[in-house]
Amino acid sequence: MIYGKDAFSDLHFMDQLMPAKAAGQWDDRQGFLNGQAGAQPAPLPMDSATVTPPPTPQAAATEPLPLPSTVEDTTRSEAVDPHIPRPTPPFWGTRILEGSQIPWPEVFGYLDLQALIAGQWQFRKPREQSREDYDAFLAEKVYPILEQWQQRVVAENLLHPQIIYGYFPCQAAGNALDIYDPVDPVTPIAHWQFPRQRSLKRLCIADFFAPKSSGQIDVLPMQAVTVGQVATDVAKELFEANQYTDYLYFHGLAVQVAEALAEWVHARIRRELGLGDREPESLRDILAQRYPGSRYSFGYPACPNLQDQHQLLKLLGCDRIHLTMDESEQLYPEQSTTAIVTYHPAAQYFSA
């Protein structure tokens with residue numbers, strides 16, 4: 001049996017599996033081989049998918065299988081202070097931003113150029129090249145390409161950015177979060193269960209919000225962004241016209257604009273919650289998450305249940321911007337992201 005506890009684990013396992021199969025280093029019963037017949041599966045990192053071979057009859061008879069713990073740890077992490085001031089949002093419910101409400105220069109200012117240029121466009125610095133020569137190459141060749149495509153996106157309306165974000169009343173209950181109706185915050189309209197770290201700081205997303213025992217109603221910001229179906233359509237047109245270079249540039253930019261849009265609205269949320277005075281001064285610090293709080297997308301280690309994203313889309317009313325999720329849990333339009341947000345200063349990315 002092969003089990004990956006989250007999307008990262010699955011991808012990591014597949015990255016190891018395919019080369020191993022191509023090299024004849026994989027057996028469907030034994031797992032990863034070391035080149036010798038009957039070898040044991042090669043160990044994987046703690047956070048990756050694991051391969052468990054069936055026990056031999058002798059082992060099954062002599063070694064009792066460990067029983068999984070049935071006791072859930074719901075004790076809040078001592079690393080998360082529950083007695084912080086809880087902000088009041090500027091409104092309850094949701095709002096849609098589109099068109100002139102989303103300034104292109106501001107969004108472009110949140111582009112992760114490393115992820116775009118080295119990751120999407122594959123302009124990576126060769127090992128033998130000096131940093132000075134690489135920077136000169138970027139300035140002479142790559143940045144003009146970026147400037148050209150930014151101008152085309154705006155002038156030719158090649159991307160249609162839309163945002164839905166909002167604020168919902170909530171309270172923590174153990175490792176879960178109860179979300180209430182913004183108009184009548186009495187009965188929960190959603191209940192999300194989160195995993196807790198078994199070691200280190202023992203973090204759980206629920207810890208970042210006011211517990212029910214406090215009597216306080218806290219605020220849960222949520223956001224969903226998309227650059228529209230047009231991004232997929234334009235990319236397809238370029239590819240089918242054999243304009244592969246333009247396809248690479250446009251598709252990569254569309255992916256990173258969606259991420260920049262998520263950063264832009266997250267910064268807006270921080271300002272609206274009164275945290276603007278703690279905003280980082282540089283994009284480098286923003287991308288390094290040197291601001292209060294964090295945002296989490298379903299399917300990642302801290303909130304691995306992708307089914308909860310169906311509720312997030314419904315709560316935000318994402319059908320109003322034609323943002324949906326299919327039965328395979330894929331978002332459409334393709335270049336779209338969603339997230340829940342916490343403002344707690346102890347919040348960080350973590351694996352449960």
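Reader: Why is Asn242 called exposed?

Author: Asn242 has a relative accessible area of 52%. Exposed means over 50%, buried under 20%, and partly exposed in between (1.4 Å probe, protein chains only). So 52% puts Asn242 in the exposed class. This is a predicted model: local features need pLDDT of at least 70, side-chain atom pairs count only at pLDDT 80 or more, and totals for chains, interfaces and linings use all residues. Residues are numbered from 1 along each chain as its sequence is written, and side-chain values use heavy atoms, leaving out hydrogens and water.

Reader: Why does Glu329 count as partly exposed?

Author: The relative accessibility of Glu329 is 26%.

Reader: What makes the phi of Asn242 worth a remark?

Author: Phi of Asn242 is positive, about 65°, although the residue is not a glycine. Most residues other than glycine have a negative phi. Asn242 sits in the loop between α6 (229–240) and α7. Glu329 also has a positive phi, near 65°. Its place is the loop between β11 (324–325) and β12. Helices are DSSP runs of H or I with at least four residues, strands are runs of E with at least two, and both are numbered from the N terminus.

Reader: How do you know that the peptide bond from Tyr332 to Pro333 is cis?

Author: By omega, which is near 0°. Most peptide bonds are trans. Pro333 lies in the loop between β12 (331–332) and β13 (336–342).

Reader: Why do the buried residues of α4 line one face of the helix?

Author: Those residues are Leu116, Ile117 and Ala118. Seen down the axis of α4, they fall within an arc of 160°, so they line one face. The arc is taken from the directions from the helix axis to the C-beta atoms. Among the elements covering them are α5 (131–155) and α7 (244–272).

Reader: What makes a set of residues a nonpolar core, and which members of the largest one touch the most others?

Author: A core is a set of buried Ala, Val, Leu, Ile, Met, Phe, Trp, Tyr and Cys residues joined through side-chain atoms within 4.5 Å. The largest has 51 residues, and Trp121, Leu159, Ile163, Leu253 and Val257 touch the most other members. Its largest share, 13 residues, comes from α7. A second, separate core of 36 residues includes Leu177, Ala302, Cys303 and Met325.

Reader: What is Trp121 in contact with, leaving aside its neighbours within four places in sequence?

Author: Its contacts include Leu116, Val142, Leu248 and Leu253. Contact means heavy atoms within 4.5 Å.
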